[in-house]
Amino acid sequence: MSNNPPQSPAAAAPPSGPVDPAARDRHWMGHALSLAREVLYTTAPNPRVGCVIVRDNRVLGQGATQPPGGPHAEICALRDAASRGESVAGATFYVTLEPCSHYGRTPPCVDAVIDAAPGRVVVAMGDPNPQVNGAGLARLRAAGIPVTTGVCLEDALALNAGFAARMSRGTPWVWAKMAASLDGRSALHNGMSQWITDHPARADGHAWRARADVVLTGMGTVLKDDPRLTVREVPVPRQPRRAVVDGNLQISESARLFDGGEVWVFTATDDPVKAERLGRRNARVIVLPAAEKGRVDLAAMMAWMARHDVNEVHVEAGAGLTGALLSAGCVDEILAYVAPVLLGDAPGMVKLPMLSHLDAARRFDFIDIQPVGRDVRLRGRFADRWQSLLAAATPHSPAAPAR
């Protein structure tokens, strides 16, 4: 999956000549997904959703979910069709996520879809929100509307892995970003690490920062690099929240991390006096249980973030915290940039316990390998975690609820 900054999708050219109906569905769902990618940075904590309404291979209306409190994709597409003077009765709706069936910040989209009298609705992925979870599909079918599901399911899930994870398992979707030499070194023996990779790779890494809700680092990185952790290499409509794991509450009030919006400081040390000082520097100190002396319970931290509407976490930390997150089962993906250099005897990308048997190794599947300038970007995903998420997002219909 590409993670380039969103761009307005070009008008989708309809298939020409005899086309298999399944191929036509994939074509138009691909266009709906391009609409969803257009709002990659703006919908959280809501999912990124696109909708296109089609009749006779012609777009009648299209839209994508707006920022929280704004209309969802289906409503935007219906309004677009109305602005063009188009009737959508009998048309096919392509939606990347099951239409919602509950009242949140906005009314249920499924009611508006049913009222529009479509001839058919095609849905990519189910909504694992317990308030929906198949009820939207059941409502459509109860209204006599034919529904096709699972078209481009994995592509839709890749856009909303964080939302699906938060809804189905109560934790965000987490990727750990690393940069290393060809021999797996993340710094020189003296600690110098800027810059192993070239500018294109760093800019690409900023695009991944941009799509996350939270950019997370550790106290070691703050002490060594004094990072800002802001998105600077790509244009974005909002900065993700920044957070630091600081078990002993060592962080200085002068850290550059505090120059900007609110920063979450996760700690195992209850120090109200320092917390009050940090509060004057845009910090919210969150005291969590200690997994062991001076160490934050990382699983509890992820659950806390999910309860506070965090879908995606981008980890940009040193080998210690990255290894601890992996050991705690908190990481879903690896995002690694590998430079064509050799650094020799120097620190590695991640610190993990020594293994006695290869059977105990943490294994993942490569899902994407891309050259980025002179460097290479590798994405590895833990297959069991993805399969669990895929099961949660597979559309299904319970019994239709009463209206």
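Biologist: At roughly what angle do the axes of helix α6 and helix α12 cross?

Modeller: Keep in mind that this is a predicted model. The axes of α6 (residues 161–169) and α12 (residues 383–393) cross at roughly 80° and come within 10 Å. That makes α6 roughly perpendicular to α12.

Biologist: Which residues make the contact?

Modeller: On the α6 side they are A161, A164, A165, S168 and R169, and on the α12 side R385, W386, L389 and A392. By class, this contact of α6 with α12 has six nonpolar residues, one polar and two charged.

Biologist: Now α10 and α11, please. At what angle do they pack?

Modeller: α10 and α11 pack at about 80°, and their axes are 9 Å apart. The two helices are therefore roughly perpendicular to each other.

Biologist: And which residues are in that contact?

Modeller: L298, M301 and M302 come from α10, while L321, A324 and L325 come from α11. The contact of α10 with α11 divides into six nonpolar residues, no polar and no charged.

Biologist: Which residues of α11 are buried?

Modeller: In α11 (residues 319–327), the buried ones are A319, L321, T322, G323, L325 and L326. They pack against the strands β6 (173–181), β7 (214–218), β8 (241–245), β13 (312–315) and β14 (333–339), and against helix α10 (298–307). Just after α11 comes G329, with a positive phi of about 75°.

Biologist: Changing topic: which residue does the UniProt annotation "active site" cover?

Modeller: The UniProt record, an unreviewed entry, puts that annotation on E74. In the model, E74 lies in helix α2 (residues 73–83).

Biologist: Is E74 buried or exposed?

Modeller: E74 is buried, with a relative accessible area of 3%.

Biologist: What is E74 in contact with, leaving aside neighbours within four places in sequence?

Modeller: With that exclusion, the contacts of E74 are C51, V95, L97, P99, C100, C109 and V113.

Biologist: What about N129, where is that?

Modeller: N129 sits in the loop between β4 and α4 (135–142). Its relative accessibility is 8%, so N129 counts as buried. Leaving aside neighbours within four places in sequence, N129 is in contact with H102, F163 and M167.

Biologist: And R277, which helix is that in?

Modeller: R277 is in α9 (residues 272–279). At a relative accessible area of 32%, R277 is partly exposed. R277 and E253 are 24 residues apart along the chain, and their C-alpha atoms are separated by 7.4 Å.

Biologist: How many residues does α1 have, and how far does α1 reach?

Modeller: Helix α1 (residues 21–37) has 17 residues. From its first C-alpha to its last, α1 reaches 24 Å, close to the 24 Å expected at 1.5 Å a residue.

Biologist: What do the buried residues of α1 pack against?

Modeller: The buried residues of α1 include W28, M29, L33 and L35, along with D25 and H31. The buried residues of this helix pack against β1 (50–55), β2 (58–64), β3 (92–97), β4 (120–125), β5 (147–149) and α5 (153–159).

Biologist: To finish, how many helices and strands does the chain come to?

Modeller: The chain comes to 12 helices and 16 strands. Of its 403 residues, 50% count as buried. Among contacts with a separation of 6 or more, 71% are between residues 24 or more positions apart.

How values were computed: Residues numbered from 1 in each chain as written. Predicted model: local features only at pLDDT ≥ 70, side-chain atom pairs only at ≥ 80, totals over all residues. Heavy atoms only, no water. UniProt positions renumbered as here; feature names shortened; annotations may be inferred. Helix = DSSP H or I, 4+ residues; strand = E, 2+ residues; numbered from the N terminus. Buried < 20%, exposed > 50% of the residue type's maximum accessible area, 1.4 Å probe, protein only. Contact = heavy atoms within 4.5 Å. Axes fitted to C-alpha atoms, helices over the stretch in contact; angles between N-to-C directions. Parallel < 35°, antiparallel > 145°, perpendicular 65-115°, else oblique. Nonpolar A, V, L, I, M, F, W, Y, C, P; charged D, E, K, R; others polar. Expected span 1.5 Å × (residues − 1).
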